[in-house]
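Visitor: I am new to this structure. Could you show me how to read its helices and sheet?

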Amino acid sequence: MTSTSQTNPFHAGERAAQQRAGVGDVSQWAGGFVRDYLPEQHRQFHTALPFLVVSGGDAAGQVWATVIEGPDGFITSPDPQHLALRSAIPADDPLAERLRGGGDIGAVGIDLGSRRRNRFSGKISPTPEGSLIRMTQTFGNCPQYIHERSLRRVPGTPGTPVRGQQLTPDQIAQIRAADTLFIGSGQYGTRGEASDGYDASHRGGPPGFVQVVSPTRLLIPDYMGNNFFNTIGNIMSDPRVGLLFIDFETGGLLHLSGKAHVDWDPRDTRDGDAWRMIELDIDSVIQRPAALSLRWARQAHLARRLKLTRKVQESAQITSFHLAPADGKPLDPFTPGQHLPITVQIPGQAGTTARSYSLSGPPGADTYRLSVKREAQGLVSRFLHDQVQTGAIIEAQSPSGDFVTEKVDAPLVLISAGVGLTPMLSMLHAAAAEGRQTWFLHGARNGGDHAHRAEVATLVDSHPHLHRRVFYSRPEAQDVAGRDYDIAGRMSAADVRRLIPDPKARFMLCGPAGFVAQMQDELEQSGIPAAQIRFETF
C-alpha cells in the first residue's frame, strides 16, 4: 500500500483545469491525499453503506452513472485495496454489461444522513457472490452541498424502463425540482496512468440549481470544491458524461448520457455560488421507475430557528457566531468534532443557501458557536461576516458528522492549521472536562491570523493534562516567541513525533487539504498506523 504522492496523481485535463482556474499545481499539496488504497476510516465508511453510486462506459462508448444497492452489510473490505460487493445487477441497468463483465469504474460513497462522502476509481471484476473492486485512486470529500436525508427500505417491484433521446415534460419537472445529482465522467491518456478511467461525483444545490434550457440541454453550476477538478478535467479531455437523478421518494432513477463542455465565464448563471457552468447536450435518456428499494426523506421539518446572540471577531479573518434557540427550548446535543448545517436567505439570491460549519464551542453549552473564516469569494461567509447582525434568525438542522474522537485509553493529539482549529477547540474543551492527556498543536501564519489564542491558553494553563504547541509560519515583528507562539516555521510530522512519542496516541487532523494530506502521509511514514489517524478537510 502506497500513496500516490511520489507521482502526479492528476492527468493532463485535470492539470489544465487547475491552471485555468488559477489554483496552480495542486499535486504539490494534494499528492498525499490521493491514494491507491482506502484508509481505515474510509473502509469503515464504505462497508456501512447500503448503496454506491457508480460510473462507467457501456459497449457503445456512452458514459452513465447508476446505483448499486444491497442489503445491510453487502459491502465488505477484505483488505485496504479492495471492496467486495454482494449484489445482483439488474438487466435494465445501463451499466449492467460493464458491472457484470468487469472493467474500469468510478464511484462515490455517500451517506445523506451524516452528510459524508468519499470517492474512488478502480477496476471491477465479477465474483460468485457479486463483484470485487480493486482501488486505483481514492480520496475524501468535504460534506458541502449535501442535503441531509433519512433512509428507509420498502418492498416493491421495479417498473418498466422508459427510453428516449430527449427529456419528457415529467422528467423536466423532476430535474427542476432536484437538489442533488450525480455525474460520471472519464478519460484515458496514452501512458496507462492511475488517473485513467472513470470518476463519479456528487453535486448539490438549492432546488432548481440545474437549469433546463431545452429537452436536450442542461446547465449545471460548478461550485467551489476541493480544487482537484476531476469532473471538469475529465470533460476537458473527453466530453462524454453521464448524469443520474434519484427520485428519493419513489426510488426511481433518471439516467442521462451526453456530451458536455465547460463555460469558464458564464454571463448569466442565476446563481451567486457558481464559478463555472457545465453545459450538457443530451444524447440518451433512461428512466427506471422504482428501481431501488431505498427511500429517502428530507429533514426540513426538523430545522430549528436559531437567534444570533453574539458576534465576536477572533482574528483578522475569523469571526464567531453564537446561536441560541429562538423558541427557548434546549439545543440538540452534539459531539465535539461535529458540524452544524445552516440555511440562510441571502438578498438577491433566488433561493436559500446551505452551508455546514464546525461547532467550535464546548459541548453542553447553552448556545452553539460557529467560528467562520471570511473567504474572499465565499458567498455565505461574506454574508455572515458583512451583513448578519445580532438578533438575526438562522435556520439549522441538527448537528451531524463523525469526525469525532475514539474513547480509548491513549493520548489524544489535535493537529490543525488555519480555521481547521474550530472542531479541535471543541474537542479540547471536552478533553479538559474528561481528564484525558491531550496535545493541541496548531499552525497559523502569524498573530493576526491566530484565532482563539487566549481561550486555548486559558484551558491549557488551568488543566495540567492539556498541552499545546503553536507554530507561526511567518511571524511578524510584534509576535513574541514564548508568548504568542512556540516555534517559527511550518509544523511537520517530525515535530509532532518529537513531542508525542507514545505509539498508542490517537491523532485528529483538520485544515486545508494540502496540510492534512502531507501531515497524514508523514505520520504514516514515521510509523503511526493509519487506523490511529482521523482527518477532516475544508
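Visitor: In which hand does α8 pass α9?
Guide: A crossing is left-handed if the near helix is turned anticlockwise from the far one by less than a right angle, and right-handed if clockwise. Here α8 passes α9 in a left-handed crossing. Helices (H or I, at least four residues) and strands (E, at least two) are DSSP runs, numbered from the N terminus. This is a predicted model: local features need pLDDT of at least 70, side-chain atom pairs count only at pLDDT 80 or more, and totals for chains, interfaces and linings use all residues. Residues are numbered from 1 along each chain as its sequence is written, and side-chain values use heavy atoms, without hydrogens or water.

Visitor: At what angle do α8 and α9 pack?
Guide: Axes are lines fitted to C-alpha atoms, for helices over the stretch in contact, and angles run from 0 to 180 degrees between N-to-C directions. Helix α8 (residues 421–434) and helix α9 (residues 453–461) pack at about 20 degrees, with axes 10 Å apart.

Visitor: Which residues of α8 and α9 meet?
Guide: Contact means heavy atoms within 4.5 Å. From α8, L425, L428, H429 and A432 meet E455, V456 and L459 of α9.

Visitor: What is the strand order in the open sheet?
Guide: Strands of a sheet pair through backbone hydrogen bonds, either parallel or antiparallel. Two strands pair if DSSP finds at least two bridges between them. The seven strands run β2-β1-β5-β6-β7-β4-β3, with antiparallel pairing. β2 (63–69) and β3 (75–79) are at the edges, each with a single partner strand, so one side of each has no neighbour in the sheet.

Visitor: How many bridges join β6 and β7?
Guide: Strands β6 (residues 116–126) and β7 (residues 131–141) pair antiparallel over 10 bridges. K123 stands opposite R134 in β7.
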